[in-house]
Amino acid sequence: SLTFFEPLMVDGSPRAKPPPEVAATGAKEWEHSLAIFLIGKRLPGRNVREILERKWGQVGHFSFHIVDNGVFLAKFESSLARDWVLNNDPWDVWGYHLVIRMWTKDMSLSLGECKSIPVWVKMKGIPVQYWNKAGLSYIASVLGKPLHMDANTTNKRVLTFARVCIEMAASSLFPDNITLELEDGSTISIGVEYPWRPTACSLCKVFDHSNRTCHRAVRREWIPRPVLMAQKKPDDAEGWITVQRKGHNGPSFPPSEEEVTGRPEGDTKLPKTPVKQHPLTTDKDSSPYGSADEAIRLEAVVTSNHPSNENRKLLKGSSSGSRKRKKKGQAGQGGAWNVRGFNDPSKHSEVRHFVCSNNISLIGILESRVKAHNLDNVVRCFNKNWMYTSNHGVSLSGRILIAWNPSVLCFVPTLVNEQAIHGHVILSNNQCVHISFVYGLCDREARRALWNDLIHCANLFRSDPWVVLGDFNVTRFVAEHNTSAIVTKAMREFNEAIQSAELEDLRGTGFFHTWSNMRVGAGAITKKLDRALGNWQWFNLLGDSFAHFLPPGISDHSPITIQMRDRNPCKGRPFKFLNFWTKTDMFLRVVSQEWDRKHFGSPLVVVQKKLKCLKTHLR
């Protein structure tokens, strides 16, 4: 129960003043806590808690507390688990990034105070002499506070670009290049790319909202001419008027009755569009929410957030060194394989043979169980020139390992979680293709996060081809299980998620059942757990591709390969004979006329010519 303490009276008003030991005792209870800020989306706290418990619960128990909409506290039992979460930053929930800070008693738990966030940045064209920890730190410091590098950058295997995690401020302009001054005084430009760029408000200098939804912004919009002329000011551009955002109180200028009714009926055409110098112009008038320099004027111009096809660069096309002639229309395939325990050297040679014999340029190794510090050595065992990524940052066991041939394509991960790695590649025809490698957990409750993740990604990748392949650990239909004829709840949830994500199975060849318990006789169990799914854009643009399921070999799962083929040109609609034609009066007369015509050649050729001529009349 609570205790009553006499309040302190200051100038006749009561005031609470606990002794210092009360705050010290309370702060000690939260000393292993982390403050979490969700950027870009307001998600229910229950969903955030379930996802973080699966990601962080394996390193230590923690309690989850909701502070505000988008602000949470995670209280760990030890500093080791808390430090592991901080060292593996950044984290995301359904693709929305989290800003994680160590809690202190004097910090503000307001999303409006979130003014910096860790962002992964790719820097290209760095001179070799600066490819070290100090050199990269100096270069990255132009953008913000450097935090750490990825494994490929640390090991210096490929010097094409450096991938660095930088804590960037909301006031940053996110420049596309960095100027580097060399030893002799000359300067060069370092290219900068942002795989994910957070939305920030340049007026408030926070990540809580964007300029579009900022209450301090002033918009320009079209309004009817009678109302426009009543509200027009001398300093407004022709045909435009400065108005406040909807939902905020401010001065209004209703048109007088004389001005509205006194105009000729025919004078209702829209005002002429003024010449605009730049989409964003500074408003020189005073704003009720800040100074004139802070207010911006958003003009009625719609710009695309995606780069145009003209600015996209084609990837280099080359072979991985094999002398075998590639099949026409195939520039390297993609594949996935559940190889449990990839530390075994005998499995390295088997995977290497699978990659070479099937012309694989991108492969996902599922349930690899390779430690993070051993990833580089394991990948080099089956191909020393390949690059790789994994989900060790969100899963201690690192269940998914993706490797690719950088001379053929470049896989760019966009969303990474415990059960999937989503990314994209650019094909030789300049087509952006999204690829997701999936390993579903064995627990039905845990797989629900994967289904929600696929539905979320379906909305993000709707405009581009998207393929999902891997081990889902659940079947879709009764025929995909050799010993069961029951539609389970897990199967229904899987089918509902596929329908919500608007995915469908790719045309498949090879083995139908992709998993077995490695037994024979009455105890043998086989299922179709591995599959490849595509969205509508995939079937529309890459409809001739198909999934091939090979023999399992060293694993209990069959490997999957996505066979890419050029689409065959359309040769016209095939002829189809309709039975109701025989019931018409003209049918026998048309057949008789065509059959009585004379043709030259062997009897078989004559029949073929007659049928061909008859077909043209029946169409």
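Which residue stands opposite Ala 336 in β31? Ile 560 stands there.

## Model and confidence

This is a predicted model, in which local features need pLDDT of at least 70, side-chain atom pairs count only at pLDDT 80 or more, and totals for chains, interfaces and linings use all residues. Residues are numbered from 1 along each chain as its sequence is written, and side-chain values use heavy atoms, with hydrogens and water left out.

The mean pLDDT (the predictor's confidence in each residue, from 0 to 100) of the protein is 78, and 78% of its residues reach 70 or more. Contact means heavy atoms within 4.5 Å. Where pLDDT is low, the predicted coordinates should not be read in detail.

Helices (H or I, at least four residues) and strands (E, at least two) are DSSP runs, numbered from the N terminus. Two strands pair if DSSP finds at least two bridges between them.

An open sheet with mixed pairing has seven strands in the order β19-β20-β18-β17-β31-β30-β26. Its edge strands, β19 (387-390) and β26 (508-510), each pair on one side only. From one strand to the next, the twist averages 20°. Strands β17 (residues 333-338) and β31 (residues 560-563) run antiparallel and are joined by three bridges.

## Helices on the sheet

Helix α8 (residues 345-357) lies across β17, β18 (360-366) and β31, and runs at about 145° to β18. Helix α9 (residues 375-382) packs on the sheet and touches β19 and β20 (400-404); its direction makes about 135° with that of β19. Axes are lines fitted to C-alpha atoms, for helices over the stretch in contact, and angles run from 0 to 180 degrees between N-to-C directions.

Strand β22 (residues 420-426) is largely enclosed by the rest of the structure, because six of its seven residues are buried. Buried means under 20% relative accessible area (1.4 Å probe, protein chains only).

β22 pairs in the antiparallel sense with strand β21 (residues 412-416) over four bridges, and a hairpin of three residues joins β21 to β22. It also pairs in the antiparallel sense with strand β23 (residues 432-439), over seven bridges. Five residues lie between β22 and β23 in their hairpin, and Asn 430 in the turn has a positive phi of about 70°. Ile 421 in β22 is the bridge partner of Val 416, and Ile 421 also stands opposite Phe 437 in β23.

Definitions and conventions: Buried means under 20% relative accessible area, exposed over 50%, partly exposed in between (1.4 Å probe, protein chains only).
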